[in-house]
Amino acid sequence: MSVIIDKMMQEIINRSNLFEEKTKGTKDEYNIYKEHIQYVYNYVCLLSKGQDVDHEVLELSALLHDIAMTDMNLDRNKHNEDGANIAEQLLRENNYPEDKIQFVKKCILNHSSKRVKFRTTQEEKILVDADGLSHFDSINNLYNLAHNVIGLNDDDTLKFIQDKLTRDYTEISDELKYLIDDKYNNVMTAKSINDIISTTV
């Protein structure tokens, strides 16, 4: 592990722990590193193995792609934009090369489903695959977000999860879909939220 990756890993861990501490006992209590980012990072390392990509940029992008979620003052719906700016600032402070900073920013900015048409690199696609796959491993976190944090009722929570995972499924590379086909089909055929949480929460 390079020095910069180690530093950014400690940065996201520290920010995630601080957010969890500040929100302890509230509906917002969450540790995004433990419950999401570490899985995205692991998937990125797995999916990029043996590929001709910039592994350091990709790993930094995985670690920092949701860093904006550790700041309650920022808009969750713009977390990719805010995250790209936070990453730029952190990497500059560590004298990371400017061209690589811009590459990391591009990956983070374009991991949002709203930015599909702007993706042009394999690194961006791998990050999207890793992010999407990780959501299928943590459907219980989507339930908590929709039901407990946003405050949706059971029917709307089910729709929230189905819509989110449909977007993820659509964006995941075709050759990887077999990994999550069963989970996706189970979610999409669920008649109630209980059909999902009985097996995932």
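A: Two residues are in contact, or touch, when they have heavy atoms within 4.5 Å of each other. The model is predicted: local features need pLDDT of at least 70, side-chain atom pairs count only at pLDDT 80 or more, and totals for chains, interfaces and linings use all residues. Residues are numbered from 1 along each chain as its sequence is written, and side-chain values use heavy atoms, with hydrogens and water left out.

Our residue is H79. Leave aside residues up to four places away in sequence, and H79 touches H65, D66, A68, M69 and H111. H79 sits in helix 4, which covers residues 79–93. Helices here are DSSP runs of H or I with at least four residues, strands are runs of E with at least two, and both are numbered from the N terminus.

Is H79 buried or exposed? H79 is buried, because its relative accessible area is 16%. The cut-offs are under 20% for buried and over 50% for exposed, with partly exposed in between (1.4 Å probe, protein chains only). Next, compare sequence with space. H79 and L109 lie 30 residues apart in sequence, yet their C-alpha atoms are 8.6 Å apart.

Now step back to the chain. It has ten helices and zero strands. Its radius of gyration is 17 Å, close to the 17 Å from the globule rule for 201 residues, so the chain is as compact as a globular protein of that length. That radius is taken over C-alpha atoms, and the rule is 2.2 Å times the number of residues to the power 0.38. Of the 201 residues, 48% count as buried. Take the contacts between residues at least 6 apart in sequence: 61% of them join residues at least 24 apart.

What about the inside? A nonpolar core is a set of buried Ala, Val, Leu, Ile, Met, Phe, Trp, Tyr and Cys residues joined through side-chain atoms within 4.5 Å. The largest one has 53 residues, and L60 is among those with the most contacts inside it. Helix 2 (residues 32–47) gives the largest share of this core, seven residues. L60 touches I4, I5, M8, L91, Y96 and V104, again not counting residues up to four places away. In soluble globular proteins, nonpolar side chains tend to be buried together.

Helix 7 (residues 139–149) also has buried residues, including I139, L142 and V149. After helix 7 comes G151, with a positive phi near 90 degrees.
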